[in-house]
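This report describes selected strands, helices and surface features of one protein model. The sequence and the structure are shown below.

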Amino acid sequence: MDKLYWLDQIKLQDRAEVGDKAFYLSRVMQRGYPVVRGFVVSAEILRQFLENLNSSESLIADLPYSSLHLDVANWRQLQQVAGRLRQEIITANVPPQWVSAIFKAAREWPTGCLIFRPTLAVSTTTQVKANVSGLLESVFCHCDHEDIALALKRTWSQLFRARSLLYWQRTGINLQQINLAVLVQPVENAIASGVFNANSSGWEIKATWGLGIAIAHGEVLPDVYYIQKETGVVLEQHLGNKMLAYRVDNETPLTVSQHVQKSVLTPDHTCLVAYLLEEFQQKQYALQEEYLQQVIALGNQLASELGKEFTIKWTIAQETPNTKLYITQVLAPQSVIPNMHFIKGLGAAGGRIMATAHVIINSQKKPEQLPKGVILIIPTITPDWLPLLQQVAGIITEQGGLTSHAAILARELGLVAVVSATSATTLIKTGERLLVDGDRGEVYRIRGDGNGEMGRGGQREKGRRGEGEKERGEENFLFPYSPAPPSLHPITPYSSMNATQLLVNLSQSNLIEQVQNLPVDGVGLLRSELMILTILEGQHPNSWVLSGRQIELLERWSEQIMQFARAFAPRPVFYRSLDWRSQDLPSLSDDMQFSPQSMLGERGTFSYLRNPAVFELELKALATVQQAGYSNIHLLLPFVRTVEEFVFCRRKVEQAGLNEVSQFQLWMMAEVPSVLFLLPEYVKAGVAGISIGTNDLTQLLLGVDREHGQLAKVFDERQPAVMGAIAQLIQMAQSAGIPCSICGQAPAIYPEIIDKLVQWGITSISVEPEAVARTYQAIARAEKRLILEVARRELGEGKWKSGRLKE
């Protein structure tokens, strides 16, 4: 355990590791409000614990990466799986050094009773608001090694209760998106505890004797006070029904009846005692006038910062020699929590970056250069912005979805990105200091120094882009700019060591050095349209041809392709020929007339039929690379609508002499839905392999523009129609005897679908460099699971046959 996160030291960047409950308390505490001291055992500790569970069962061995494909409607299976998972956690051993670290920190407190409070952060790529109130409960324990270990495991195990698993499935939250930390605080006896609820109509205070657990468990009907928010005057008050209360267990002798109450009402392994209140206490209000006024005064102070609507939980601790009012929980709209995010979008490229904002109102007016290391805020981004993006540290766009140009470019360049951030260009001003969270899709305005320490464990990590500093989590390696994780170092760079090949999507030659030694089997998608942007000098390729500069362009083009062929040889490089719409490149002049209002545009192979000159030049560039001795280059045709289009392109390939190299393969993208019906005809026409482009396939199957961020919930590659189409394409390719790859964003965004891809028999998976680590691990786990299932099935059949022979 590297560190504990103390409430008074938690930084803005720590939110994902400490969870929302602890994070909000830390924000309030650091602004001077009374909060019970405490520290957080981070979500990373739980991930390490689950990774090290020693079990041969695939269900357990896959944690914490398993997608837990459960039929939640099957209550028996749900209960069995939940019970098995929780049992595995409870019986496992917590590393002694972790327990010692918690014990050493907690024993400094004067009380011997601790509360372990689950504090959750859910990272979602869609704008789903997860309400986990009441889903996970606090655990109490004595401050000793054995009880601490058990309390930690009991808290963690709640993540896998049947009702929790049901909730995650119903809300579409994957286990990988859940960060569960544990807030540890001392528990002292309380005179009274309760809830302060503020809303637009007024304030309400609920109170009971002792600790607030009686209200949380619904074991009492608390006293209720209605307060006029403008004056703090008590308008009404109603005496509750309070028969019992909770206090910290100590050495004071208990009566027989109290022992009975403890055994019945108080769980085992806890430091609390539930006791019956005397009759006179039941008839009294829990809050004396002075304490009531303290709670009202605290609420009034918080209202000035948190606004009209918020909720806090409070307790009046029975400290010696005085009493003190403490806040134990804060529930408020995130926008009003001090230093909380003020813009919510879609997290398109993971990580966190702190830098200065640079706002551009009009995407059509592209500047000659951008300040180095800034966060670019812009309505939308088209591919021709790519050269400028080399200078920035992060991107925020008002438009676009998870497969938009901004998202794809950011993931390849290793930039943090948030898309579909409504009104970002008007809410943010140039020069403001921002923190962008690309995992959660949130943008924070930083005041003062912004708690500027970045990185896990409070370590500051300099970004490669000047001013910007980027946090890199252990589960999210940005491979272009960081070494492979320890688990991958022994692997020969020229192989992923999995049966399913792992390929990488690329376009920028300046990333080759960082990427070429990754454990990948080649380049599954070399995006030509992005690759050549740096050599076009702002002119469309057609303009080069018309102006007679095709020889110069051919030399530049060939050299660009050759850099990739040379770096990855003998591994294959699948070069996808040009595929762009005129509206994607507004800054490139072109004498050809297109339909700028068309969502699809005259793109892909259809554009080659209309104007073959650029395609022919492209084929000459590939032939030049072959003539230089590189036989590992292959051609991938984009957006093929008909067999006739493919035949036209195949003939052009033959005329260019590319098929004279025996290793050369002509593939096509499987992204236009007609391929589901025409693949056998394409194979007869000469297709040697297909690569499924999930971005276009999804938008065409579902009728959703991939650039439309507001429809992000609808644009989901996991939708049954899309998954069914992918399964059908893999099966058809197997029947035709050709390889089938997948190079869209789906495996990187939703790694849980890799299980299905491997099970269906996908030949290879191609992802952005930043997703190589988690994709490699996901493929390895999926193949291991498949092998285990086959072995168990064969073992079962062997036992059955053995039994039959004995008969």
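The model is predicted. In strand 5, Val182 is the bridge partner of Val41. This bridge belongs to the antiparallel pairing of strand 2 (residues 39-41) with strand 5 (residues 178-186), which extends over three bridges.

Both strands are part of an open sheet of five strands, ordered 1-2-5-3-4 and paired in the antiparallel sense. Strand 1 (5-6) and strand 4 (139-142) each have a single partner strand and stand at the edges, so one side of each is left without a neighbour in the sheet.

Helix 5 (residues 96-106) lies across strand 1, strand 2 and strand 3 (113-122). Relative to strand 2, helix 5 runs at about 170°.

Helix 2 (residues 43-51) is mostly covered, with seven of its nine residues buried. These buried residues are Ala43, Glu44, Ile45, Leu46, Arg47, Phe49 and Leu50.

Strand 6 (residues 190-199) and strand 7 (residues 202-209) form a hairpin, with two residues between the strands. Their antiparallel pairing comprises eight bridges, and one of the bridge pairs is Asn199 with Gly202 of strand 7.

Strand 7 also runs antiparallel to strand 8 (residues 223-227), to which five bridges join it. Within this pairing, Ile205 has Tyr225 of strand 8 as its bridge partner. Strand 7 is mostly covered: six of its eight residues are buried.

## An exposed and a buried strand residue

Leu235 is located in strand 9 (residues 234-238). Its relative accessibility is 54%, and Leu235 therefore counts as exposed, the cut-off being over 50%. Together with Tyr226 and Val233, Leu235 forms a nonpolar patch on the surface. The accessible area of the three residues together is about 270 Å².

Ser691, in strand 28 (residues 689-692), is buried, with a relative accessible area of 1%. Which residues are in contact with Ser691, leaving aside its neighbours within four places in sequence? They are Leu636, the residues Trp667, Met668, Met669 and Ala670, and the residues Ser741, Ile742 and Cys743.

Notes: Residues numbered from 1 in each chain as written. Predicted model: local features only at pLDDT ≥ 70, side-chain atom pairs only at ≥ 80, totals over all residues. Heavy atoms only, no water. Pairing = 2+ DSSP bridges. Helix = DSSP H or I, 4+ residues; strand = E, 2+ residues; numbered from the N terminus. Contact = heavy atoms within 4.5 Å. Axes fitted to C-alpha atoms, helices over the stretch in contact; angles between N-to-C directions. Patch = residues over 30% accessible without salt bridge, like charges linked within 9 Å, V, L, I, M, F, W, Y side chains within 5 Å. Areas by Shrake-Rupley, 256 points an atom, 1.4 Å probe, with all protein chains shown as cover. Salt bridge = Lys/Arg side-chain N within 4 Å of Asp/Glu carboxyl O. Buried < 20%, exposed > 50% of the residue type's maximum accessible area, 1.4 Å probe, protein only.
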